[in-house]
Amino acid sequence: QGQLVESGGGSVHTGGSLRLSCAASGYTGSRACMGWFRQSAGKERETVAIMSVARRSTFYVDSVRGRFTISRDSAKDTVYLQMNGLRPEEAAMYYCAAIRGGWIGGCPKPPQYYDVWGQGTQVTVAS
């Protein structure tokens with residue numbers, strides 16, 4: 001079956017940078033869409049960035065556009081989220097997720113469409 005394994009979280013000061021990684025461990029199936037999501041205490045899970053694996057097209061939530069970059073290394077089967085200019089309100093558990101198999105049209109934004117999830121990696125931003 002395989003799984004997605006996130007890493008790279010940690011604690012930074014406001015304005016700092018982190019690069020999150022999401023490795024497909026033992027995962028052999030195709031994935032049409034990959035995404036990064038975040039959730040902080042008492043809030044709903046929020047979409048941060050989405051990538052269509054085949055089209056290489058990307059989507060970013062407005063608040064991170066220009067500061068965050070989603071990318072994929074196909075040789076390593078790993079998806080990254082480069083986060084620059086981090087803000088205290090962006091402290092959260094960050095999750096990587098995927099849609100198994102194919103997907104017709106553009107990748108969906110809401111997290112409920114994604115059916116493979118990692119365990120998450122914690123990001124803390126000190127003011």
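Mentor: Let us begin with a term: a disulfide is a pair of cysteine sulfur atoms within 2.5 Å. In general, a disulfide is a covalent bond between the sulfur atoms of two cysteines. What you see is a predicted model, and by this rule the count in it comes to two disulfides.

One of these joins C22 to C96, with 2.0 Å from S to S. The angle about the S-S bond is -70°, and the link of C22 and C96 is left-handed. The two cysteines come from distant parts of the chain, 74 residues apart: C22 belongs to strand β3, and C96 to strand β9. Both C22 and C96 are buried.

The other disulfide is formed by C33 and C107, again with an S to S distance of 2.0 Å. Here the angle about the S-S bond is -90°, and this link is left-handed as well. C33 lies in strand β4 and C107 in the loop between β9 and β10 (116–117), so the bond ties together parts that are 74 residues apart in sequence. C33 is buried, as is C107. If the bonded cysteines of the chain are numbered in sequence order, the pairing reads 1-3, 2-4.

Let us turn to the surroundings of these bonds. Strand β3, which holds C22, spans residues 18–25 and also contains S21. S21 counts as buried because its relative accessible area is 15%, under the 20% limit. Leaving aside residues up to four places away in sequence, S21 touches V5, E6, S7, W36, T78, V79 and Y80.

Strand β3 is also part of an open sheet of four strands, in the order β1-β3-β8-β7 with antiparallel pairing. At the edges of this sheet are β1 (3–7) and β7 (68–73), each of which pairs on one side only. On average, neighbouring strands here are turned by 15° against each other, direction ignored. Between β7 and β8 (residues 78–83), which run antiparallel, there are six bridges; V79 in β8 is the bridge partner of R72.

The nonpolar cores come next. The largest has 29 residues, of which W36, L81, M83 and Y94 touch the most other members. Each of β3, β4, β5 (46–52), β7, β8, β9 and β11 (121–126) supplies at least two residues of this core. Apart from it lies another core of eight residues, and among them are both C33 and C107, together with I50 and I99.

Strand β4, where C33 is found, also takes part in salt bridges, of which the structure holds seven. R31 pairs with D77, their closest N and O atoms being 2.8 Å apart. This pair links distant parts of the chain, since R31 is in strand β4 (residues 31–39) and D77 in the loop between β7 and β8, 46 residues apart. Both R31 and D77 are buried.

R38 forms a salt bridge with E90, with the closest N and O atoms 3.6 Å apart. This pair too links distant parts of the chain: R38 is in strand β4 and E90 in the loop between β8 and β9 (92–100), 52 residues apart.

Note on methods. Residues are numbered from 1 along each chain as its sequence is written. This is a predicted model: local features need pLDDT of at least 70, side-chain atom pairs count only at pLDDT 80 or more; totals for chains, interfaces and linings use all residues. Side-chain values use heavy atoms; hydrogens and water are left out. Two strands pair if DSSP finds at least two bridges between them. Axes are lines fitted to C-alpha atoms, for helices over the stretch in contact, and angles run from 0 to 180 degrees between N-to-C directions. A salt bridge is a side-chain nitrogen of Lys or Arg within 4 Å of a carboxyl oxygen of Asp or Glu. Buried means under 20% relative accessible area, exposed over 50%, partly exposed in between (1.4 Å probe, protein chains only). Contact means heavy atoms within 4.5 Å. A nonpolar core is a set of buried Ala, Val, Leu, Ile, Met, Phe, Trp, Tyr and Cys residues joined through side-chain atoms within 4.5 Å.
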